[in-house]
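Please open the model in a viewer and keep the selection panel at hand. The stops below proceed by selection, each followed by a description of what is found there.

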Amino acid sequence: FLNVQPTSAIWDCGNFIACNENHVAVPWNSLGSVVVLRHDAYGKMPTMPAMLTGHEGAIIDLSFSPFDPNALYTASEDCTIKGWKLPEEGITTSDTKCMVTLKGHSKKVGILSWHPSANNVLASASPDSTINIWDVEMEAPQIKIKSRDQILSLNWNLDGSLINTTTKDKRLNVIDSRTGECVMGTEAHASSKTCRSVWAKRRNLIVTLGFNKQQHRQAMVWDTRNMDKALHTEEIDQQSSVMMPYYDEDTSMLYVAGKGDGSIKLFDLWQETTPIVYLNSHSAPNDPQKGLAMMPKKVLDVKECEVSRFYKLGNKQISHIKFNVPRKQGAIEFQTDIFPPTFASTPVNGAKEFFEGKNAAPNLLDLAGNFNGEKCTTAASEHVSHDSPIKAKPAAKVEEKKAEAPKSAEWDG
């Protein structure tokens with residue numbers, strides 16, 4: 001996609017691009033607007049493409065629903081979140097009508113994160129140091145969690161019972177998603193520069209990406225069963241750009257992209273003594289990236305052993321980056337080790353069940369159907385989840401409060 005005019009907003013905690021199996025979306029350099037493109041609509045963009053408008057401030061984060069390929073949600077500096085219903089054929093004319101407007105933050109909304117298995121459950125975070133958890137069909141947050149400092153990243157665990165945050169006070173916290181109680185926390189990176197994180201759900205590990213005292217970039221791996229100290233600290237390089245993490249649950253590969261530079265570094269989360277190992281890198285120093293978006297596994301070419309594909313947002317264009325595993329037998333035999341059952345796009349629960357305390361791991365999709373030219377089958381996860389004993393109270397404000405720290409970790413609030 002050429003002649004792209006992405007937003008000029010500055011925000012280290014978002015990626016400025018999102019995609020799913022049907023569309024790719026980018027906040028535009030027109031106040032409060034987002035352009036949504038079908039994958040086959042590549043080429044030179046018109047100066048004034050069809051776009052969705054309605055926000056009164058710049059859009060700084062956006063995300064497609066994992067269970068509805070035609071639902072897009074945008075977060076803005078105007079303190080609101082808007083939900084948009086996209087036509088199957090894509091956006092052909094500009095529109096200002098959204099499905100819903102969510103209001104619950106007092107400052108700009110900069111982080112959106114979907115529950116992994118419950119439909120219509122969305123978490124949002126803002127510099128007002130608040131996490132709101134929404135049933136997006138309602139116009140008020142069902143749960144409000146107050147943090148001690150600004151939230152820089154937010155992720156769910158496998159069954160949605162917990163969320164993790166990194167905050168401006170250099171802490172990594174694990175929080176009950178319904179009560180808001182901080183059940184475990186620790187000091188993370190030494191620098192106060194933006195620290196982001198990703199939860200490796202199947203491995204139950206958290207990876208944080210930040211800076212040490214010398215302002216060198218580093219990755220730290222944390223076992224959520226014991227956060228006394230990091231399992232491992234990997235020194236990355238001396239670049240100054242904030243790192244954006246993308247984790248592949250199926251291959252345990254972590255992609256780390258520099259925001260504002262052209263590098264993507266690949267790491268493997270091993271189940272060995274050293275839990276994170278550097279593999280390789282992709283570098284395009286003359287084409288810095290504003291953000292990346294990872295394509296769903298079900299659209300990848302399994303016969304070419306394509307294990308990941310990204311949309312890269314540059315200053316004037318959107319391009320593809322593909323990562324393939326070179327295997328001679330890939331076109332003849334389905335490679336089950338690099339294509340295990342992936343998270344499916346069918347929910348296990350609805351929002352009502354989540355707020356009543358139901359926890360569940362995502363359904364699984366068998367990609368062998370793509371190899372054989374058949375429909376992929378969906379099955380329930382074998383992961384055993386336990387329901388939360390305390391039901392969430394709709395629209396109840398829950399303050400993050402000091403709890404008795406587990407023996408396995410220190411937490412000073």
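**The three-stranded sheet**

Begin with the open sheet of 3 strands, ordered S28-S29-S30 and paired in the antiparallel sense. Strand S28 (342–343) and strand S30 (377–379) are the edge strands, each with a single partner, so one side of each has no neighbour in the sheet. Strands here are DSSP runs of E with at least two residues, numbered from the N terminus, and two strands pair if DSSP finds at least two bridges between them.

The model is a predicted one, in which local features need pLDDT of at least 70 and side-chain atom pairs count only at pLDDT 80 or more, while totals for chains, interfaces and linings use all residues. Residues are numbered from 1 along each chain as its sequence is written, and side-chain values use heavy atoms, with hydrogens and water left out.

Next, select strand S29 (residues 364–366), which is joined to S30 by 3 antiparallel bridges. Display Leu365 together with Thr378 of S30, the residue that stands opposite.

**A buried strand and its hairpin**

Select strand S13 (residues 151–156). 6 of its 6 residues are buried, so the strand is largely enclosed by the rest of the structure; buried means under 20% relative accessible area, exposed over 50% and partly exposed in between, with a 1.4 Å probe and protein chains only. Ser153 has Thr166 in S14 as its bridge partner. The hairpin of S13 and S14 has 5 residues between the strands, and Gly160 takes a positive phi near 80° there.

**The second largest pocket**

Now display the second largest pocket, which holds about 350 Å³ of space. It is lined by 23 residues, of which Asn157, Asp159, Ser161, Leu162 and His386 are the closest to its centre. A pocket is an open set of points on a 1 Å grid over the protein atoms alone, where a 1.4 Å probe fits, with protein on both sides within 12 Å along at least five of seven lines; lining residues have an atom within 4 Å of a point. Grid points are joined across faces, edges and corners, and the volume is the space filled by probe spheres set on the points.

Colour the lining by residue class: 6 residues are nonpolar, 10 polar and 7 charged. In this scheme Ala, Val, Leu, Ile, Met, Phe, Trp, Tyr, Cys and Pro count as nonpolar, Asp, Glu, Lys and Arg as charged, and the others, Gly among them, as polar.

**Aromatic pairs**

The whole structure contains 11 aromatic pairs. Rings of Phe, Tyr and Trp (its six-membered ring) pair if their centres lie within 6.5 Å; planes under 30 degrees apart count as stacked, over 60 as edge-to-face and the rest as tilted.

Select Tyr73 and Trp114, an edge-to-face pair at 5.2 Å centre to centre with 80° between the planes. Tyr73 belongs to strand S6 (residues 71–76) and Trp114 to strand S9 (residues 111–114), so the pair ties together parts 41 residues apart in sequence. Both Tyr73 and Trp114 are buried.

Move on to Tyr255 and Phe310, whose ring centres are 5.1 Å apart with planes at 65°, so this pair is edge-to-face. Because Tyr255 lies in strand S22 (residues 253–258) and Phe310 in strand S26 (residues 306–313), the pair ties together parts 55 residues apart in sequence. Tyr255 is buried at a relative accessible area of 0%, and Phe310 is buried, also at 0%.

**Charges over rings, and positive phi**

Which ring lies under the charged end of Lys290? Select Phe16: the charged end of Lys290 sits over its ring, 5.6 Å from the centre. The criterion is NZ of Lys or CZ of Arg within 6 Å of the ring centre and within 35 degrees of the ring normal. Phe16 lies in the segment before strand S1 (18–19) and has a positive phi of about 65°, although it is not a glycine. Phe16 is buried, at 3% relative accessibility.

Then select Lys303, which lies over the face of Phe371 at 5.3 Å from the ring centre.

Finish at Ser129, in the loop between strand S10 (121–126) and S11. Ser129 is not a glycine, yet has a positive phi of about 65°; at 12% relative accessibility, Ser129 counts as buried.

Terms used
Helix = DSSP H or I, 4+ residues; strand = E, 2+ residues; numbered from the N terminus.
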